[in-house]
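Trainee: Could we walk through this model together, one question at a time?
Mentor: Gladly, let us look at it first.

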Amino acid sequence: MDALDPRIAIPIVYFIYKKYEPSSPRSAFFLLLALPGVLVVALRVCERFNSYATAVPTVYLAYWSLLSTFVVAYRISPFHPLARYPGPLLCKISKGWLAYVAGKGGKAHLYVQDLHMRYGEVVRIGPNELSITHQDFTRVVLGAKGLPRGPYYDSRQHEAGMSLDGMRDQALHAIRRRPWARGMNTAAMKYYEELIRNTLSDLIVGLKQRTNRPIDISEWTNYFGFDFMGQMAFTRDYGMLKNGYDKEGLLDLIEHAMQDSAWISHIPWSIPFLRYVPGASKYWDQMKAVGERAVADRVALGSNHRDLFHYLMDEDGHEAVRPTKALVAVDGQLAIIAGGDTTATTLSHIVYFLLRYPIYLDRLRKEIDETFPDGADSTLDFTKQTNMPFLNACINEALRLYPPVLAGLQRRVEPGTGGKMIGPYFVPEETQVSLFAYSIHRDPQHFSPLTNTFWPDRWLSQEKYTLPSGDVISADEVVTNRDVFIPFSQGPMVCAGKNVALTEMRSVMCALLQHFDLKIADQSFLDSWEDKIEETFTTKRGTLPVILSLRA
Ligand code: HEM
């Protein structure tokens, strides 16, 4: 045997490969194509092969199969640092499997939930990745001294730079977050509340024009969410509520763009390669154009609007260095997607659950009528809505069962840290830790009884609780672990728009139930609603046809 023998050459290449996993086309080309090419030439020159026609296929095939065998053998071997953690074989071998599950039917959240039910609090969902539901994640993973983001977020890289929600460096993220914090302060919120009022008024007018016939309320929550975000982010009128449809085709575009991101995020090393695939970035290119157009139009409006753009662009000059317009376009795009889709999804889920369990619809309407008697305008006092226990319980319960960000919030234990303990579980360096809110919220250790059922009462402080069956149980039989309730994430990277979103959702539910009676137009859509939910980075949902009638 000598150095040209594949049995010697491949292990050497494997160790190089393992250290510098070829996440750039250049290194992949070198390790996977050029190096075996050099071997071919060397072996041919040394006359181990009579011709290139036999050398090329033999060496390449031997090289690739041995390399794959080494990779797989190590990942499933007892020597791997995550060997002690259970998980399906395919997950241990490659993250490609979860990418496939995510891309195939948008059911990655159900798949991971199933794994937790089978294996427990910790599951190996990738060669170097764990999904954890143990409650210590709040402190160790998301807390103030928590972990930085993992490579899952690399898909949020744009030409102009990374969007805020993809920034992995904690110090840089904190700097970038400062204008967002100013853009969400009390004064800014007052202005956004005015915009919410205006958008609500458009919503109610639009719905009043369509009473007594089926309309897709899920689509109308989209119109509300995106019309509001357009105004809030860029003082831009998408006019969906006024027109009764999405004239610019924004919703379709976002749906396509998000669908691709859902699987690509699991295998972020594929991103540089996808750039060479014609059409692969089509939807994101169009999204970029949308962002740029919004910025250009907003710049033309001048600087007398206190929208989010004003703060992100640092028009008041708080920062030493002002961001570029291109970077603000990226973050504005983020706000529109992150803010429009998530709020609309949650509103749709709330309406779905209220239609599914009319007893809660009646209770919520009663609370609204008592808080705003004689048809008093609920939009004039958002503070009152903050203190409506049942309304907030319904919102929390919908967010618990169907957090709009269904898939893993991913963090990484960095090299040089010595690893981390999450509860009794040691997580070695260079391991990704994913938090699937869907699984965490459906763990009976955190929420019980009726873990998988919409039961808003669990969020109310009571001495005794009446279950839907009529049975009465005492407070100590109810577990509601608010610490692990993470629909908005937690810690330094918590959702920047949490307060805006909650204000939007409370006000829409109050206005909707004040003005209208609602019933499902076609029961089959109610029955299939949950089956149609897909994890697409955020959530793709079906239609929810309802018939609204004006309240007597
Ligand atoms: C029900 C509504 C919403 C939910 C459930 C939600 C959920 C989340 C979650 C889970 C994250 C963390 C994502 C991650 O780390 O991967 C996040 C981040 C973010 N959200 Fe929201 N969001 C909502 C509404 C909004 C709204 C209305 C806005 C804008 C006004 C917004 C802006 C953002 C931004 C900018 C980030 C990135 C924060 C950072 O990286 O520092 N979100 N959101």
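Trainee: Which protein residue is the donor of the iron atom of the ligand?
Mentor: Before that, a word on the model: it is predicted, so local features need pLDDT of at least 70 and side-chain atom pairs count only at pLDDT 80 or more, while totals for chains, interfaces and linings use all residues. Residues are numbered from 1 along each chain as its sequence is written, and side-chain values use heavy atoms, with hydrogens and water left out. Donors are N, O and S atoms within 2.8 Å of the metal (3.2 Å for Na, K and Ca), and sites may look incomplete because water is not among the atoms. The only protein donor of the iron, through SG at 2.3 Å, is Cys-495.

Trainee: Where does Cys-495 lie?
Mentor: Helices (H or I, at least four residues) and strands (E, at least two) are DSSP runs, numbered from the N terminus. Cys-495 lies in the loop between strand 13 (479–480) and helix 21 (498–515).

Trainee: How are helix 10 and helix 16 oriented to each other?
Mentor: Axes are lines fitted to C-alpha atoms, for helices over the stretch in contact, and angles run from 0 to 180 degrees between N-to-C directions. Angles under 35 degrees count as roughly parallel, over 145 as roughly antiparallel, 65 to 115 as roughly perpendicular and the rest as oblique. Helix 10 (residues 217–234) packs on helix 16 at about 150°, with the axes 8 Å apart. The two helices are therefore roughly antiparallel.

Trainee: Which classes of residue make up the contact of helix 10 with helix 16?
Mentor: Contact means heavy atoms within 4.5 Å, and the residues that meet include Phe-224 and Phe-226 in helix 10 and Ile-336 and Leu-347 in helix 16. Ala, Val, Leu, Ile, Met, Phe, Trp, Tyr, Cys and Pro count as nonpolar, Asp, Glu, Lys and Arg as charged, and the others, Gly among them, as polar. The contact has 11 nonpolar, 10 polar and one charged residues.

Trainee: And how do helix 16 and helix 17 lie to each other?
Mentor: Helix 16 (residues 325–356) and helix 17 (residues 358–371) pack with axes 5 Å apart, at an angle of about 110°. Leu-354, Leu-355 and Arg-356 of helix 16 make the contact with Pro-358, Tyr-360, Leu-361 and Leu-364 of helix 17. By class, that is six nonpolar, no polar and one charged residues. The helices are therefore roughly perpendicular.

Trainee: What about helix 2 and helix 3: how are they oriented?
Mentor: Helix 2 (residues 25–45) and helix 3 (residues 52–76) have axes 9 Å apart and an angle of about 135°. Among the residues that meet are Leu-35 and Pro-36 in helix 2 and Tyr-60 and Trp-64 in helix 3. This contact has 17 nonpolar, one polar and one charged residues. The pair is therefore oblique.
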